[in-house]
Amino acid sequence: MSRAAAALLLLGAVALLASLAFLNVAQTAVNASLPPVSKRLNASLAPLAGAWWDAADGYNVTHYSMKFVPGWPELYTVGMFAPTRAGWEARLEKLAQVGTATYAIALGGVTQITESQGAGPYVAIGQNTPLDWYIYGSQRLSVLAYAWFRQGGITAIQLMNFTAEPMARLYSQTFSCPPSTHADGFSDYCTTYATGFPDASLLKFYTWSAAGGSEAYLDESFGNPKPSVYTEGKNGYGAAFVNLTRWIGGLPATGNLTVQYYLQAAITGGDYLQLNFFVDTDGDGRPDVEVVYYMSVRGREPACLSSAIYGYSITCISMLYSSQSPPIKTWLDWTVTKIYDYGTVVGLALVTYSPNGDTKSWWDNLRAVKCMLPPAVSTYVRGWQYTQVYISPSTSPTSPPSLATEVDAYGSTGSVYADWGAAVARYSLPQPVPAYSTTVSVQGRYVRDSADVQNNVAYVSIGVDTDGDGIVDREYIVYRHDVAAGQTGVIVSAFFADSSGSPLVVCTVDSSGACTPGDSRFAVINAGAMATGNNYLWSYTLYERGAVIAVALAAADASGRADGTADDFWIYWDDLTVQYSACPPPGGWGASGKYVWQSYGYLLVSGSAAAYRTLVANALTYVANFSGLGTYAVFDSSLSPIFGVSVNGSSFTALCGPSSVPLGSLPSAVWVELRPLNGLGDVIIRDQYGSVLARHGCRYAAAPQYVGFRGGLLRVYNITALG
Amino acid sequence: MSEARRGAGGRRRAAALAVLGAAVIVALLLSTARAPAAASLPPAAPEGTGAAVLVGLNGTQTFRLWAPPGHAALWDVLFCNAAGANVTVAVRPLSAPREVRQFLFHVGDASFGWDGRSAREWHAALAPGECARGALEVLVDGRAPANTVYVVAVEVVAWVSG
């Protein structure tokens, strides 16, 4: 074969081969541009929820994370799906799950993945198609899923990872405070002054005798122990005068006095043993009345000595102490329990008087009990003689001394509003105490004069400052009544007066004890009737906002007056007790306003006050359990609420800056959550199981600084910060 | 047979082979110039709807696909016999940039192409006008720059099998 033929043959073979084989190169230009659907984070949830992406094995993995309160259901729109081109659909398909929980992930409102559902249907993706995530669990949960995106014949698959982590408890505060009692038995306001007459410096001696022989001097040779004061009346009197003003600054006439005496022989016939008291009734320091207590068998005209001692004559009242001679040759006590109805005793004379004989006595160990009103007590009196407030050293429903209120009506016209008389002792507490769950109680002994007309009311008034301005604006009146049929009693305010300064009449009281105030500032409590000579308890427990700042003990006589103590009545008050619980807020808590306490088992925020603390680092939610009336909020640096809730019983209102949104009546509400997120304030109200009863999201621009409470009257049992 | 006759006969066979070879070359040249008309084939797919790979012709086909980084993009794909005769086909990856992590064809139960670690071929027999329906899965690395075009080449070889 020629070379040419061989070449042609080879060419033919190649041509044959070429006719039977085809070589084709398919080139694909892969355009790697934006994803079909963008996955966005609901940025306002940060840092509670987060989203980011990374690449794993070439895949783009979109991560969504969320924190949840263990054991409570959570639901958030954690993100949004938005198409970069129109017409896309998406669905989710679970690949793997680590951890257990009840959960559901939904796209566009269509459930895709749950703890028991592996995948969901395609959902058209519009602008801002929500990605909702519900979880109810207690442990970390991680779900890996495919996100399928489809448009016509194109499908793109991406990985998504959902991770939920339980929040940790970062801060927890409960509140407690033991009960306290403020008690006053009125026993600390009496001082006993005593002297054994060691010398004659306190004494001034006066004698008179028709025929001479009366004597008065300091006997150095006899006494109990010696010396003692010797007085002898021989056809006259011998007297030893003690200037009580100089000795003890005067002695309230309602006080008592004791002196020892010793008789060498019995007093007989018209002989007298006398204690002459000189009483200043008008406060000028000079005596206006001489009151003579005396012992005499038959004598009824004791010696009055004001002219001899003071140089002028005054009314002299004689009070027979005993008409029998006391035992002789022994030291005996002579006690006068109430010298006079009112005024101040400025002088005392120890007197032996025998107009027609000779009587001798020794005196020793003078002891005076001087009682002053407590510094905490201020008084108001209106009435006839001897309407007054004083410490009684001798009478009490329990044990003397006591605080006495004595009253006679101001007039007898028959008009209660014109005639009423009142004796009021306003007792200011050392410091305001909570008006919530505080009990005020006091014992009282009721005594009325036999001539008294039964139109008497005795009451305890509890003055409450409800708004924190330090002024009483509500008065609780617990009253007892002794009002005869056809009579009318009266209650006047201890804390509220009209423009002229006269106390307001709260109500009249009929014989059944009914009292109907016309002013809402008064709350009246009928404690029942009272009868003279009996002891009673006045007691009441308050559940009011604000603080108790004073308690008044009062007696009011509606009408009818008489001179002296006739027609008067007395209440002897004792053992005033205020039981309360008040401790400062816990460390780290601040208070704005007056009335924030830990009280019993809660934090009491009352009377327009606020209690707050700085936000806890890394906390995502603040869970509080409280009741009452007030606000729970996240505050800015000036303590203005940024967002929160106001509560009034079971009625809740969401607060968002200056606006509010009623959430309705939620009687099963137990927990209120505040979540200060990224410009979103989430308010969640839950029942005892954590189920969401109401929810409100608040967009804000302010800078959260504090979380806390404002009353009203709010009892906060606990608050917990988680994150 | 005389050498002359053999020589004359050999010249005739050689000439015939030469003519046949020349005719085939002309046909080959003609076949690369345009795809044979095949009424049963779908038209070339535009971007966004998939691809139809023609089997049984020579030359280069170009497709444009969209695969966002990090997403496994799935495209419908057809392998269609355009040779007018039964063919045996072999498809194998030629080249792929490293940013393309997967370029896998799924036809029936078979997967072939580039899975990020190795390349696998696909062998199949197609009757004239027959199309094998499958899917192309493309994964561009999630960290690869977006808005970039990556070119992947696949060699398609077909033999007439009778």
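User: How many residue pairs are in polar contact across the interface of chain B and chain A?

Analyst: First, the idea. A polar contact is a pair of N or O atoms within 3.5 Å; within protein, one must be able to donate a hydrogen and the other to accept it, and residues adjacent in sequence count only if both atoms are side-chain atoms. Here the rule finds 24 residue pairs across the interface of chain B and chain A, both residues at pLDDT 80 or more. This is a predicted model: local features need pLDDT of at least 70, side-chain atom pairs count only at pLDDT 80 or more, and totals for chains, interfaces and linings use all residues. Residues are numbered from 1 along each chain as its sequence is written, chains are lettered from A in the order in which they are written, and side-chain values use heavy atoms, without hydrogens and water.

User: What area do chain B and chain A bury between them?

Analyst: The size of an interface is often given as the accessible area lost when the parts come together. Buried area uses a 1.4 Å probe and is summed over both parts. Chain B and chain A bury about 4600 Å², with 59% of it on carbon and sulfur atoms.

User: Which side chains meet in a salt bridge between chain B and chain A?

Analyst: A salt bridge is a side-chain nitrogen of Lys or Arg within 4 Å of a carboxyl oxygen of Asp or Glu. The count between these chains is one. R101(B) meets D57(A), at 3.7 Å from N to O.

User: Which strand of chain A is joined to β3(B)?

Analyst: Two strands pair if DSSP finds at least two bridges between them. Strand β12 (residues 154-166) of chain A has three bridges to β3(B), and the two run antiparallel. In one of these strands, β3(B), A72(B) is the bridge partner of I157(A).

User: What about domains within chain A?

Analyst: Domain bounds come from an automatic or database domain assignment. Domain 1 of chain A covers 37-166 and domain 4 covers 590-722. Between them, about 1200 Å² is buried. The rule finds two salt bridges across that interface. Elsewhere in the list of bridges, E74(A) and R675(A) meet at 2.7 Å, N to O.

Definitions and conventions: Buried area is the accessible area (1.4 Å probe) that two parts lose on being put together, summed over both. Helices (H or I, at least four residues) and strands (E, at least two) are DSSP runs, numbered from the N terminus.
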